[in-house]
Amino acid sequence: MILAEGGGSDNGSFWFPAPSSSNASQVDSLFNFILSLSAFFFVLIVGLMLIFVVRYRRRPGYVQAPASDHNNTLEILWSVIPGILTIFIFFRGFMGYLDMRTPPSETYEIKVNAKKWSWAFQYPNGYIDNDLHIPFNRPVKLTMTSEDVIHSLFIPAFRTKMDIVPGRYTSMWFDATRTGEFPLLCAEYCGTKHSEMLANVVVHPSGEFEKWLEQASNLLATLPPVEAGKILFTRRGCAQCHTIDGSARTGPSFKGTFGTKQSLTDGSSIEMDENYIRESILEPLKKVRAGYRPVMPSYKGQLKDPEIDAIIEFIKSLK
Ligand code: HEC
Ligand SMILES: [Cu+2]
């Protein structure tokens with residue numbers, strides 16, 4: 001097991017990023033074993049086949065000799081040796097599986113909420129972030145659920161992947177052995193923006209995780225509302241669908257729209273004021289902007305009132 005605090009230089013292999021969790025080296029060694037075994041038998045079988053094709057090709061005047069029907073020694077060998085190899089592979093794989101399914105008794109628990117197409121990681125104090133921040137060298141357990149379809153949380157550097165299913169909880173655990181940032185992705189096709197369902201895993205050096213959590217949770221206490229709103233706007237995933245530069249994405253842009261009249265799909269129009277923004281965040285499907293599809297997820301229960309206020313202040317400031 002490699003412990004690399006302050007690491008960052010990735011000395012991964014041709015196949016994988018550097019192993020960065022306590023279970024990763026187990027996965028890698030079994031993978032390398034199966035890969036070398038397959039390569040060995042591929043070369044052996046295809047090589048012999050080519051040699052035999054040339055050596056025993058049909059020549060003029062050839063008369064077929066009566067073939068013996070079988071060879072006991074050969075048949076026992078080619079059953080027993082692969083049998084032993086398969087049992088070994090199963091045994092190693094199953095031990096690794098048990099380790100990865102059984103978290104240690106003391107874990108730091110983070111809840112994961114997946115939805116089309118973003119991640120929400122909730123820390124024990126209630127704070128929610130779009131990136132997964134974790135402490136270095138401490139077992140972390142994720143309890144995960146989905147709001148809509150099946151997603152799958154995959155952290156290649158940790159060699160862990162688990163499906164996230166609506167209506168039930170699944171979990172995974174890992175112990176980061178390297179500080180730095182690692183990509184996290186959805187590995188189960190979940191709609192048009194599946195490939196954009198990305199986040200970072202940030203492994204904080206010992207002692208700094210708590211400091212980060214404290215600061216991130218008190219965003220509203222330490223920053224003016226407009227600035228806090230700006231951070232929430234990107235951190236909570238609004239920026240995936242809304243721009244602040246006037247160009248439309250999945251949702252309308254917010255540049256210079258505060259106070260203007262906007263038309264809705266039902267033919268009426270509405271003034272873009274505080275109440276409308278608040279309602280759009282909590283019940284986005286109640287009034288849908290003309291020209292857009294009703295795909296915005298509700299943030300009810302996920303954004304607190306002061307956070308919504310800060311976002312409103314930020315949208316107001318976009319002249
Ligand atoms: C998956 C894409 C998506 C995400 C994420 C998203 N929105 Fe939306 N939003 C939309 C779409 C599409 C509309 C237009 C349809 C509608 O009104 O429901 C919209 C409409 C709105 C409106 C009404 C705007 C208008 O001009 O009528 C507001 C306000 C809003 N979103 C705020 C937010 C905030 C704040 C967040 C983050 C907390 C957010 N949205 C996250 C897609 C999204
Ligand atoms: Cu997904």
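Four protein donors hold the copper ion (ligand 2): His-151 through ND1, Cys-186 through SG, Cys-190 through SG and Met-197 through SD, lying 2.0 to 2.6 Å from it. Donors here are N, O and S atoms within 2.8 Å of the metal (3.2 Å for Na, K and Ca); water is not among the atoms, so sites may look incomplete. This is a predicted model: local features need pLDDT of at least 70, side-chain atom pairs count only at pLDDT 80 or more, and totals for chains, interfaces and linings use all residues. Residues are numbered from 1 along each chain as its sequence is written, chains are lettered from A and ligands numbered from 1 in the order in which they are written, and side-chain values use heavy atoms, with hydrogens and water left out.

The copper site is tetrahedral, with angles of 90 to 124 degrees among its four donor atoms. Along the chain, the copper donors follow the spacing H-x34-C-x3-C-x6-M.

Now the iron atom of ligand 1. Its protein donors are His-242 (NE2) and Met-296 (SD), lying 1.9 to 2.1 Å from it. These two come from distant parts of the chain, 54 residues apart: His-242 sits in the loop between α5 (225-235) and β11 (261-263), Met-296 in the loop between α6 (274-282) and α7 (305-316). Helices (H or I, at least four residues) and strands (E, at least two) are DSSP runs, numbered from the N terminus. The iron site has six donor atoms, angles of 87 to 179 degrees, and is octahedral. For six donors, that requires opposite donors over 155 degrees apart and all others between 65 and 115. Ideal angles are 90 or 180 degrees for six octahedral donors. His-242 has a relative accessible area of 12%, so it is buried. Met-296, at 28%, is therefore partly exposed.

Next, a helix pair. Helix α1 (residues 24-55) and helix α2 (residues 72-101) pack at about 160 degrees, with axes 10 Å apart. Axes are lines fitted to C-alpha atoms, for helices over the stretch in contact, and angles run from 0 to 180 degrees between N-to-C directions. The two helices are therefore roughly antiparallel, a label for angles over 145 degrees.

Finally, Ser-146 lies in strand β5 (residues 139-146). Its relative accessibility is 7%, so Ser-146 counts as buried.

Conventions:
Four donors count as tetrahedral if all angles lie between 85 and 135 degrees; four count as square planar and six as octahedral if opposite donors are over 155 degrees apart and all others between 65 and 115; anything else is irregular. Angles under 35 degrees count as roughly parallel, over 145 as roughly antiparallel, 65 to 115 as roughly perpendicular and the rest as oblique. Buried means under 20% relative accessible area, exposed over 50%, partly exposed in between (1.4 Å probe, protein chains only).
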